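Biologist: I would like a close look at a single part of this model, followed by its wider setting. Please take it step by step.

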Amino acid sequence: MMRTRPLKVALLGCGVVGSEVARIMTTHADDLAARIGAPVELAGVAVRRPSKLREGIAQELVTTDATALVKRGDIDVVVEVIGGIEPARTLITTAFEYGASVVSANKALLAQDGAALHAAAGQHGKDLYYEAAVAGAIPLIRPLRESLAGDKVNRVLGIVNGTTNFILDKMDSTGAGYQEALDEATALGYAEADPTADVEGFDAAAKAAILAGIAFHTRVRLDDVYREGMTEVTAADFASAKNMGCTIKLLAICERAEDGQSVTARVHPAMIPLSHPLASVRGAYNAVFVESDASGQLMFYGPGAGGAPTASAVLGDLVAVCRNRLSGTTGPGESAYTALPVSGMGEVVTRYHISLDVADKPGVLAQVATVFAEHGVSIDTVRQQGKDGEASLVVVTHRASDAALGGTVEALRKLDTVRGVASIMRVEGE
């Protein structure tokens, strides 16, 4: 039998995502009530600019006092979609104190203070759900937390930022340079006026921290994630990738060490073979590969951003949290029992593609090969082209640690015959 008294929801933020959450709550009210077992009521909407017209939202629900809204005491669920660290952090912890569970899409806050937020939720016996914080509409966090709870996840590899994927896809398919592709992404609304968070990898790094923490049952903060942006990727890099049968993607990679005693989390551009499923992810879409002992390889694919897709993930969490409220239970909290250390980038082992500008004369290749050998880095393939006394030397290594490769490159720069290191890129997905 359905409960007639509604569950009250406070919405913090009514921008692109928040307005879609409010719209879906209204247009799908009957379906949501049937799925939850009780109606849900939008009890208040906190915004910064109350004068802005918000279609479908009664003006009397709009307030600029978010703190008063979460302190009302009759709110069952707070939906936080304002983003940033403060005031979101204080509002969420206040919501727990005043009896509300929380649904959030705030990747930056969760990556920085997820442990503290989980602790606050647990202290007050409330839920903290955040499916929308990573990969938009793609169901990813709940499968990792629940569906794969009986499995051992070893690797999470994926494209988790639609803006960068759109830019790199344009560079790959049209031969455009970085700035030209960025300008198109901005014109189409895929890139913000200030794209730094996306193109420098900050957004993807926050998502990687969240994914690594859930996948490996250990605490991984944003500061633990190695981050490298994609602004230096050139058309020449794509040409080299095509010669190898690869393309280039900005990847978030979370791995458990082979001995199982540590984990790593990193974000950087990488070449991946065209045969890998991630190579075919086009436009602003996201895709994440999960590799585990029992399940093998799983791939999650779909729109990773946008108002309606992200709101879909928020509403999914809202339904789950409301069901828990009705049954007097809570869902999964933080699982950090392994307490594994997070290793630095120097210990990461992968393949590398290095492009060198060298003098076009006899003995150069032998000198370069000797430097690689002296640092314990095995060469897989070498390609050399040159004329008029200058040459380009492209070296692809077998698997080597980042520290070993770093020492190799430092030594190469000291050779008189090496004019410069044009580019260094990791090769993943093999």
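In which strand is Thr397 found?

Modeller: Bearing in mind that this is a predicted model, Thr397 belongs to strand S15, which covers residues 390-397. Its relative accessible area is 0%, and because buried means under 20%, Thr397 counts as buried. Once the neighbours within four places in sequence are set aside, the contacts of Thr397 are with Arg351, Tyr352, Ile354, Phe372, Val377, Ser378, Ile379 and Asp380.

From there one can turn to the second largest pocket, whose volume is about 550 Å³. Among its 23 lining residues, those closest to the centre are Glu255, Arg256, Glu258, Val349 and Arg399. At least two lining residues come from each of strand S7 (153-159), strand S9 (246-256), strand S10 (263-273) and strand S13 (349-359), and S13 gives the most, with 3 residues. By class, this lining consists of 5 nonpolar, 8 polar and 10 charged residues.

The largest pocket, for its part, has a volume of about 1300 Å³, and of the 40 residues that line it, Val17, Lys107, Glu192, Asp203 and Ala305 are the closest to its centre. Several helices give two or more residues to this lining, among them helix H1 (16-27), helix H5 (107-123) and helix H12 (307-327), while H10 gives the most, with 4 residues. The lining of the largest pocket divides into 20 nonpolar, 14 polar and 6 charged residues.

Note on methods. Residues numbered from 1 in each chain as written. Predicted model: local features only at pLDDT ≥ 70, side-chain atom pairs only at ≥ 80, totals over all residues. Heavy atoms only, no water. Buried < 20%, exposed > 50% of the residue type's maximum accessible area, 1.4 Å probe, protein only. Contact = heavy atoms within 4.5 Å. 1 Å grid on protein atoms, 1.4 Å probe; cavity = no way out; pocket = protein on both sides within 12 Å on 5 of 7 lines; lining within 4 Å. Points joined across faces, edges and corners; volume = space filled by probe spheres on them. Nonpolar A, V, L, I, M, F, W, Y, C, P; charged D, E, K, R; others polar.
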